[in-house]
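Here are a few friendly notes to read alongside the model. Please keep the structure open as you go through the points.

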Amino acid sequence: MRLNPLTFSALCSVLLLSGYARAEIDLGSIDLFSKDSASSPIPKGLVVGGAAVTGTHRYKAEDTKTYFIPGALYFGDQFMYLGDRGRYYFALNDTFAAYGYGRYRFGNLDPDDHHEFAGMHKRRGEFEAGVGGTIITPYALLSARISSDVTGQSNGQELLLWADFPVVRGRLLIMPGVGMMIRSDKMANYYFGGVSSGEATAQRKEWDTGTTFSPMTAIITSYRFNDKWMAMFAANYEFYDKSIADSPLVQHDGELYTIAAVGYTW
């Protein structure tokens with residue numbers, strides 16, 4: 001799922017400090033609106049703040065929770081630190097942006113958390129690296145990004161294809177977006193509902209997700225009150241590939257997450 005950079009002001013702590021926060025959240029192209037100006041909806045520099053985060057948990061054994069958390073992010077001229085991930089732009093102009101990408105994906109299944117997971121292998125965190133690019137037009141930001149596990153946990157890959165449609169009115173940004181997340185069979189099986197033969201039981205059948213194709217949509221709003229304070233609201237939904245939705249671990253159609261946040265620019 002895709003959220004604006006202020007979301008990562010919140011998610012930084014959600015992801016780093018809470019083992020229960022396992023939302024699949026992805027950054028859109030909103031960082032391209034970051035400017036060193038009080039009239040910009042996204043500022044330059046360090047942003048600290050807090051947010052309320054709620055949404056649908058991936059596995060049917062887990063309960064929906066709401067988190068109230070602090071966090072921080074950083075917007076530089078070329079480098080962006082965004083909670084669990086970062087970007088370094090090696091090409092950036094008015095029509096095109098290209099960047100290197102790194103992300104730490106946190107584990108999202110632990111047999112110690114729920115008795116329904118008994119006999120499962122723990123899904124541990126991994127570091128992923130990749131590259132991405134965005135074509136900038138007057139009406140849309142067209143993006144693609146590919147990344148791969150480089151730590152040997154899932155050994156999987158992920159390809160994101162996305163289009164943002166920003167509307168800027170002074171200090172207000174409204175940006176709907178749509179896209180597709182394509183995950184390799186190893187990535188999907190490890191983090192999105194696969195059950196290996198060694199994990200299968202009479203109540204939990206063996207399950208192979210294969211390569212998955214999940215449409216996604218988002219709406220992001222950000223408003224700058226003044227040169228120091230800003231607020232945002234975002235809602236994001238991933239429509240699961242049928243092989244994820246029908247997994248014996250998942251058994252629902254998708255993930256919905258919403259975030260309301262306030263941030264202060266240093």
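1. Asparagine 155 lies in the loop between β11 (141-149) and β12 (157-164). Strands here are DSSP runs of E with at least two residues, helices are runs of H or I with at least four, and both are numbered from the N terminus. This is a predicted model, where local features need pLDDT of at least 70, side-chain atom pairs count only at pLDDT 80 or more, and totals for chains, interfaces and linings use all residues. Residues are numbered from 1 along each chain as its sequence is written, and side-chain values use heavy atoms, with hydrogens and water left out.

2. Now look at the backbone of asparagine 155: its phi is near 60°, a positive value in a residue other than glycine. Most residues other than glycine have a negative phi. Asparagine 155 counts as partly exposed because its relative accessible area is 41%; buried means under 20%, exposed over 50%, and partly exposed in between (1.4 Å probe, protein chains only).

3. Glutamine 251 also has a positive phi, near 60°. You will find glutamine 251 in the loop between α3 (242-245) and β17. With 46% relative accessibility, glutamine 251 is partly exposed.

4. Next, visit threonine 258, which sits in strand β17 (residues 254-265). Its relative accessibility is 22%, so threonine 258 is partly exposed.

5. Which residues is threonine 258 in contact with, leaving aside its neighbours within four places in sequence? They are Ala52, Val53, Thr54, Phe233, Ala234 and Ala235, where contact means heavy atoms within 4.5 Å. Threonine 258 and alanine 52 are 206 residues apart along the chain, and 8.3 Å separates their C-alpha atoms.
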